[in-house]
Amino acid sequence: EVFTEVSTRLHVQPPPQLPGLESWAGVRAHFPRIAMVDGSTLEAIRKKPPTLQAQPGLVLAGRMMVMVEAFTHRPLWQLYTEEAAANDKRFATDVLAALPQGGLLIFDLGFFSFLWFDDFTEQRKYFVTRLRQKTAYRTTQLLSSSPYYRDELIEVGLHHSHPCRHPLRLVSVLWHGQWYRYLTNVLDPQLLSARQVCELYRRRWRIEDAFLVTKRVLDLAYLWKASANGIQLQLYATLLFYLVLLHVCQQVAQSLNEPLERISVEMVFRAFYHYSRALLRGETVELVAYLVQHAALLGLVKRQRQRHREIQQTDQLVWGSP
């Protein structure tokens, strides 16, 4: 309940004015929520209780499913099961229920299911995912194409016992000599262009960054308790702190006029120590102002890597515009 309340309070605040999001204003206005979802297996439990000591090998702490907002990376919803090997599709009903009508969800192949795709369309919700290899489909309409991309409406699952009842849209893009294919039920390119479909799926990897930060930086990889109740307490406490940490990162990004992706969540977290020392020395400086003032010294802004420059160059080649 606390997690839901904090998430709701942050959600109703005015969205941060961050560089790079201007081109998404129309998309964000049309879809009330644009989110990503994925699952992650929690680490091994320390086998202190006798019941766990009797079990051979490692005993994993279970599996969590987390939904995060696509542009702020803020956790919106989570679910936990004690079964570490639980298939992602087991969460499908709960995931879809957590998405509001008209919302757009980005997910990976772990959820790939024709029946689930139909559920999205029938509930007036939307998705972006990858096309699974060897999936049979038939093109019904070519929307646009070039030597580097193809945008078309298709029928999926032609040889499957339960094919999709509703048409889908397939966006294919050529990257470094290899074709990548993405599925969506947003059929109108005016609502979501072929380029935006690809860029939204590229953003899905931000949820992997969220798992990395919560486990490695915020110590979710080290579990304090062996009981399911204790594990969930630590999980929710970590997500609550992560919510607030991301909110600070957004404020820093806005103050520095940098995209949120350029702000290092880890370094902002580690900067809290230096801020606390400044407070002990009597320097009554507001947190965000202190971080912005010392951003270079604290290493809060990531350097642009060669890979990112290559992606920008490839985007210009594929789509013909910056």
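Modeller: Helices and strands are DSSP runs, numbered from the N terminus, and with that in hand we can go through this model, which is a predicted one.

Colleague: Is T72 buried or exposed?

Modeller: A residue counts as buried when its relative accessible area is under 20%, and T72, at 5% relative accessibility, is therefore buried. If its neighbours within four places in sequence are left aside, T72 is in contact with P16, L246, Q250 and L260.

Colleague: How many disulfides does the structure hold?

Modeller: In general, a disulfide is a covalent bond between the sulfur atoms of two cysteines. This structure holds 0 disulfides. As for the cysteines C198 and C249, C198 is buried with a relative accessible area of 6%, and C249 counts as buried at 0% relative accessibility.

Colleague: How do the axes of helix α7 and helix α9 cross, and which residues meet there?

Modeller: The axes of α7 (residues 206-217) and α9 (residues 265-280) come within 10 Å and cross at roughly 35 degrees, and the crossing is right-handed. On the α7 side V213, R216 and V217 take part, and they meet V265, E266, F269 and R270 in α9. Sorted by class, this contact of α7 with α9 has 4 nonpolar, no polar and 3 charged residues.

Colleague: What describes a pair of aromatic rings, and how many aromatic pairs does a search of the whole structure find?

Modeller: Such a pair is described by the distance of the centres and the angle of the planes. The search of the whole structure finds 20 aromatic pairs. In one of them, the rings of F107 and F127 have centres 5.7 Å apart and planes at 35 degrees, so the pair is tilted. This pair links distant parts of the chain, 20 residues apart, with F107 in the loop between β4 (104-106) and α5 (114-122) and F127 in strand β5 (residues 126-130). Both F107 and F127 are buried.

Colleague: Why is the pair of F241 and F269 edge-to-face?

Modeller: Planes over 60 degrees apart count as edge-to-face, and the rings of F241 and F269, whose centres are 5.9 Å apart, have their planes at 85 degrees, so the pair falls in that class. Because F241 lies in helix α8 (residues 228-256) and F269 in helix α9, the pair ties together parts that are 28 residues apart in sequence. F241 is partly exposed, with a relative accessible area of 36%, and F269 is partly exposed with 23%.

Colleague: Which residues do ring pairs link into a cluster?

Modeller: The cluster consists of F107, F111, F112, F114, W116, F117, F120 and F127, linked by ring pairs.

Terms used: Residues are numbered from 1 along each chain as its sequence is written. This is a predicted model: local features need pLDDT of at least 70, side-chain atom pairs count only at pLDDT 80 or more; totals for chains, interfaces and linings use all residues. Side-chain values use heavy atoms; hydrogens and water are left out. Buried means under 20% relative accessible area, exposed over 50%, partly exposed in between (1.4 Å probe, protein chains only). Contact means heavy atoms within 4.5 Å. A disulfide is a pair of cysteine sulfur atoms within 2.5 Å. Axes are lines fitted to C-alpha atoms, for helices over the stretch in contact, and angles run from 0 to 180 degrees between N-to-C directions. Helices (H or I, at least four residues) and strands (E, at least two) are DSSP runs, numbered from the N terminus. A crossing is left-handed if the near helix is turned anticlockwise from the far one by less than a right angle, and right-handed if clockwise. Ala, Val, Leu, Ile, Met, Phe, Trp, Tyr, Cys and Pro count as nonpolar, Asp, Glu, Lys and Arg as charged, and the others, Gly among them, as polar. Rings of Phe, Tyr and Trp (its six-membered ring) pair if their centres lie within 6.5 Å; planes under 30 degrees apart count as stacked, over 60 as edge-to-face and the rest as tilted.
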